[in-house]
Amino acid sequence: MGASVTVQGLCITAGEQTLVHPLSFAIEPGEVLALIGESGSGKTTTALALMGYARPGCRISGGSVRIGDQDVLSLSPAEQRALRGRRVAYIAQSAAASFNPSRTLMDQVVEPALIHQTLGRAEAEAKAVQLFRELALPEPETIGSRYPHQVSGGQLQRLMAAMALITDPDLVILDEPTTALDVTTQIEVLRAFRRVVRERRATAVYVSHDLAVVAQMADHILVLRHGELQEINPTGRILATPDSDYTRSLLAAARPAPREGGPQAGQSELLLDVRGLSAGYGPKNAQGQPAKLILQDINFKLYRGQAIGVIGESGSGKTTLARAVAGLIEPCAGVVLFDNRELKPALAQREREELRRIQIVFQMADTALNPAQTIERILARPLQFYKGLSGAALQKRICELLDLVRLPRTVAGRLPGGLSGGQKQRVNLARALAADPDLILCDEVTSALDTVVGAAVLDLMADLRRDLGVSYLFISHDLHTVRAVCDEILVMQHGRQLAQVARADFDRGPHHPYYELLARSVPELRQGWLDEQDPGARAPQPLKGFA
Amino acid sequence: MAFESASVPPAATPASLVSPAAPRSRRWPHWRLGFRFSGLLGVVVLAWWLLAALLGPHLLPRELLGSGSAEVFGPMSASHWLGTDYLGRDMLVRVVDGARYTVGLALLATLLASSCGTLLALLAAASGGVVDALLSRVLDTLTAIPSKMFALIMVAGFGSSAAMLVATAAVIYVPGAFRIARSLAVNINELDYVTVARTRGEGKVYIMLHEILPNILGPMLADLGLRFVYVVLLLAGLSFLGLGIQPPAADWGSLVRENIGALHNAGAAVIAPALAIASLTIAVNLVIDNLPGRAARERGAR
């Protein structure tokens with residue numbers, strides 16, 4: 001069904017900076033090519049150029065893009081508009097942001113066909129229902145009459161695929177379509193995408209930073225770095241015998257090796273003891289229960305030097321757990337013992353020494369560092385605040401901290417805006433370390449980072465634990481990451497603690513069915529993994545979520 | 001050295017250097033600070049009026065100052081550049097003299113209003129809960145009173161001294177500044193770095209002044225400029241009604257009122273102060289629209 005795509009010498013610039021260096025590749029009809037690379041590697045910019053589109057400030061400065069026998073770049077703007085949505089379709093990362101919340105799904109799904117007048121309204125709707133069925137959406141006959149907020153994120157992503165496919169495009173561009181989804185949802189969406197792409201023999205470009213996902217979808221993989229082609233080869237060959245060193249480092253980062261473990265439970269003194277912790281938001285009723293209970297009856301023990309991973313899907317209450325331990329939200333029941341002393345529920349009641357010993361590191365390094373303060377000031381404040389350091393001692397300690405997180409000392413004078421994502425996350429860690437804490441609460445610290453950068457941050461955290469003896473409460477939705485750094489895993493769903501798995505038992509069953517489901521849902525770095533996942537064998541969810 | 005190289009016109013540079021730097025030539029020289037032409041125009045006009053407010057008539061050539069015996073409502077001439085007023089005084093001297101009141105009082109009132117509004121807003125955002133609700137509702141109530149009416153009552157009750165006018169204008173414009181600052185501060189307050197500061201055990205004042213304030217300063221400065229324009233217009237309006245600065249001193253509003261008699265013969269005496277008000281307000285708006293931070297944001301640089 002799809003057409004061939006030939007790209008020759010494509011070059012994209014922004015001002016004086018070259019975003020994509022002359023790039024040439026070809027896709028056979030009906031094949032899927034994956035563009036892979038870290039953020040800023042130019043993969044989305046390249047994908048958008050296939051539609052003849054450059055983001056504001058960017059310019060396609062040379063080369064040609066042929067879809068079938070048409071040169072996209074030589075078309076007039078009006079002709080390019082006619083091409084987009086008709087012959088080339090684009091599926092964006094965030095479906096939630098791409099749908100208009102005030103119109104029904106069917107109206108929006110059939111819109112491309114109506115705009116390009118390829119089908120009448122009735123025919124388009126019939127085709128949409130057929131696509132809904134192929135994409136394994138529930139109630140394909142009636143789902144179109146709902147509004148975007150009435151379906152889940154994974155369903156919305158599939159509806160967006162239906163919108164893209166309704167005009168039978170020659171080329172489909174999928175831009176990180178599953179990155180924003182939970183693992184258990186991702187696998188369903190991937191399966192649906194894969195079936196549709198296969199059955200319709202569509203030519204597709206799949207943009208992603210996740211090699212394991214790409215391995216399931218693509219026939220060929222193109223590796224980009226700093227806008228330059230590293231290598232382009234069939235998927236099997238890339239996974240088995242990559243040509244470039246960069247691809248090798250990507251592969252290594254995608255298979256996280258377990259880091260050195262900490263002491264087993266009971267081997268060192270008890271640091272944090274959480275007993276029957278419940279917490280929630282909203283006004284409390286007569287029994288002291290908040291209107292919206294997020295956490296219910298959490299119990300675990302963390303020994304000095306250990307790392308405990310908390311895993312669960314979005315909305316499972318894992319961040320609320322960290323906030324309750326940090327004192328940002330008052331628990332409505334249960335106690336938190338820290339070093340055998342009970343922690344007061346509210347931040348304001350805790351002593352400065354207690355606050356110093358528990359530090360928190362947030363997910364988004366962008367919002368975790370004050371953009372108006374230099375790195376030096378950011379690191380100096382906890383040192384002044386807790387220890388009263390000043391002058392040469394302060395400078396010395398700041399340099400030590402930067403060395404500790406392996407940042408050059410020259411970053412001290414810079415503002416956070418001048419640092420990369422990985423560097424910001426290191427500063428974030430350094431600020432927590434400045435307080436000499438016993439426990440660091442890590443909230444999804446590597447989720448916003450590229451795999452290679454994230455792996456380096458994980459290495460750093462493992463080293464710090466060994467050298468400084470800090471403990472971590474490591475919150476993540478990514479089982480791979482948690483398994484790589486943690487001694488124990490706490491599995492959460494809907495605010496309840498479902499299971500606790502020790503490092504020795506990570507690969508030894510039997511486990512709680514939900515842990516098994518999570519473990520099975522993480523894509524493996526080999527071809528054919530997705531085909532082995534039989535939807536019928538999925539474990540029933542132990543707790544019924546809202547519809 | 002740096003200034004020299006920036007001021008060399010492009011034609012003077014060797015041709016071999018021009019061609020690779022062609023896209024660079026669109027960049028502004030250093031001294032422009034990212035201002036466009038309209039912004040520069042605004043800066044020049046604003047600087048002139050600020051200078052006039054500071055130095056007063058000393059700014060003008062000496063020969064203009066002495067002559068006071070001319071005809072009433074005289075036309076523009078070599079000795080009286082903007083004509084003369086209803087008592088035969090030189091209009092240019094009067095306008096430059098009036099800048100002290102118009103610009104000075106308005107600036108003082110605006111600074112007072114914006115800093116009070118910002119501080120209260122920081123307090124409201126950092127405290128939350130009851131403090132926030134109380135401050136917000138009280139200042140909302142103040143907004144409900146029409147500003148001209150409030151000013152009339154204040155002047156009627158306490159007279160129209162310069163201090164009184166500044167205080168009145170400041171009180172009227174505090175709620176506006178508070179609202180904008182609060183909405184900005186509440187958003188910043190939710191960000192992770194403020195949460196980190198809070199878990200560190202920092203006090204309210206540190207969070208207000210070191211974590212939140214630097215990050216709302218840019219928008220608040222832009223707001224300060226807009227508010228300044230409103231205050232200028234309010235004070236000029238009061239003076240025009242005879243309730244502002246009292247004779248023999250005169251700000252631009254009272255100059256318009258004094259010389260309103262010249263309107264029927266198109267005298268420069270009434271047009272000059274009116275133009276002065278217009279040029280000041282337009283200049284301030286031009287400068288705000290061209291603030292470097294704002295231009296950078298529009299280019300997507302941030």
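Biologist: Which residues of α3(B) are exposed on the other side of the helix?

Modeller: In this predicted model, four residues of α3(B) are buried, namely Gly39(B), Gly42(B), Ala52(B) and Ala53(B). Viewed down the axis of α3(B), the buried residues fall within an arc of 150°, so they line one face of the helix. On the other side of α3(B), the exposed residues are Phe37(B), Val44(B) and Ala47(B).

Biologist: How many helices and strands make up the secondary structure of chain B?

Modeller: From the N terminus on, the elements of chain B run α-α-α-α-α-α-α-α-α-α-α-α-α. Of the 302 residues in chain B, 39% are buried, and among contacts between residues at least 6 apart in sequence, 67% join residues at least 24 apart. The secondary structure count for chain B is 13 helices and 0 strands.

Biologist: Which helix of chain B gives the most to the side that touches chain A?

Modeller: In the model, 14 residues of chain B are in contact with 21 residues of chain A. Two helices of chain B, α9 (192–200) and α10 (204–240), each supply at least two residues of the side that touches chain A. With 7 residues, the helix that gives the most to this side is α9(B).

Biologist: How do the residues on the side of chain B that touches chain A divide into nonpolar, polar and charged?

Modeller: The side in question belongs to the 14 residues of chain B that are in contact with chain A. These residues divide into 5 nonpolar, 5 polar and 4 charged.

Biologist: Which residues of chain B have a pLDDT that stays under 50 and 11 contacts beyond four places in sequence?

Modeller: Chain B averages a pLDDT of 77, and 78% of its residues score at least 70, while the predictor gives the complex an ipTM of 0.74 and a pTM of 0.74. Residues 295–302 of chain B also have a pLDDT below 50, but this stretch has 8 contacts beyond near neighbours in sequence. The stretch with 11 such contacts beyond four places in sequence is residues 1–28.

Biologist: Which residue in β10(A) does His220(A) stand opposite?

Modeller: Strand β9 (residues 220–225) of chain A is mostly covered, with 5 of its 6 residues buried. Strand β3 (residues 32–36) pairs with β9(A) in the parallel sense over 4 bridges, and here Leu33(A) stands opposite His220(A). Strand β10 (residues 228–234) runs antiparallel to β9(A) and is joined to that strand by 6 bridges. In β10(A), the residue opposite His220(A) is Pro234(A).

Biologist: Which residue takes a positive phi in the hairpin of β9(A) and β10(A)?

Modeller: Most residues other than glycine have a negative phi. The hairpin of β9(A) and β10(A) has 2 residues between the strands, and the residue with a positive phi, near 50°, is His226(A).

Biologist: Is Asn340(A) buried or exposed?

Modeller: Asn340(A) is found in the loop between β14 (333–338) and β15 (341–342) of chain A, and its phi, near 65°, is positive although the residue is not a glycine. Because Asn340(A) has 9 other C-beta atoms within 10 Å, the residue is exposed.

Biologist: How many other C-beta atoms lie within 10 Å for His494(A)?

Modeller: His494(A) is found in the loop between β19 (488–493) and β20 (496–502) of chain A, and it has a positive phi of about 50° without being a glycine. This residue is partly exposed because the number of other C-beta atoms within 10 Å is 18.

Key: Residues are numbered from 1 along each chain as its sequence is written. Chains are lettered from A and ligands numbered from 1 in the order in which they are written. This is a predicted model: local features need pLDDT of at least 70, side-chain atom pairs count only at pLDDT 80 or more; totals for chains, interfaces and linings use all residues. A residue is buried if 20 or more other C-beta atoms lie within 10 Å of its own, exposed if 12 or fewer, and partly exposed in between; C-beta atoms are placed from the backbone. Two residues are in contact if their C-beta atoms, placed from the backbone, lie within 7 Å. Ala, Val, Leu, Ile, Met, Phe, Trp, Tyr, Cys and Pro count as nonpolar, Asp, Glu, Lys and Arg as charged, and the others, Gly among them, as polar. The arc is that of the directions from the helix axis to the C-beta atoms. Two strands pair if DSSP finds at least two bridges between them. pLDDT is the predictor's confidence in each residue, from 0 to 100.
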